[in-house]
Amino acid sequence: MRVTFASTTPVEYTINPTVTYDLSVADGDITVERLKLDGAWVEVDGSPVTDGEEVTLRTKGDSGKIRVTPSAIGTEMILEG
């Protein structure tokens, strides 16, 4: 999935919690959080991901939901798993 954010509003995505994802960011930074079963959002290990960085995202969130918050309009994220 390739996304260019039109705002800095957090966006939720459904992921497969058993898959390891490759994540890269350009033209801004992103904060990645996972949704716990109790409804709380917690930052995942390795977040924030900074401009130009490529990381491996592994989270065992039971909900299968992550929330991504870009630091700037036009931030680009590529998430592949």
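Does Glu33 count as buried or exposed, and at what relative accessibility? I opened my notebook with that one, keeping in mind that this is a predicted model.

**Entry 1: Glu33.** I found Glu33 in strand β4. Its relative accessibility came out at 15%, and buried means under 20%, so Glu33 counts as buried. I then looked up what Glu33 touches, leaving out residues up to four places away in sequence: Trp41, Val42, Glu43, Val44, Lys65, Ile66, Arg67 and Thr69.

**Entry 2: the sheet.** Next I traced the strands around β4. I read an open sheet of 4 strands, in the order β2-β7-β4-β5, with antiparallel pairing. The edges belong to β2 (11-14) and β5 (41-43); each has a single partner strand, so one side of each lacks a neighbour in the sheet. From one strand to the next, I noted an average twist of 35°.

Entry 3: I followed β2 to its partner and counted 4 bridges to β7 (residues 65-70), the two running antiparallel. For Val11, I noted Val68 as the bridge partner in β7.

**Entry 4: the core.** Which residues touch the most other members of the largest nonpolar core? I got Ile30, Ile66 and Met77, out of 16 residues in that core. I saw that β3 (21-26), β4 (30-35), β7 and β8 (76-80) each supply at least two of its residues. The largest share, 3 residues, comes from β3.

**Entry 5: Ile30.** I finished with the contacts of Ile30, setting aside neighbours within four places in sequence. Among them are Phe5, Leu23, Val25, Pro48, Val49, Val68 and Met77. I also jotted down Ser47, Thr69, Pro70 and Thr75 as contacts of Ile30.

Note on methods
Residues numbered from 1 in each chain as written. Predicted model: local features only at pLDDT ≥ 70, side-chain atom pairs only at ≥ 80, totals over all residues. Heavy atoms only, no water. Pairing = 2+ DSSP bridges. Axes fitted to C-alpha atoms, helices over the stretch in contact; angles between N-to-C directions. Core = buried A, V, L, I, M, F, W, Y, C linked by side-chain atoms within 4.5 Å. Buried < 20%, exposed > 50% of the residue type's maximum accessible area, 1.4 Å probe, protein only. Contact = heavy atoms within 4.5 Å.
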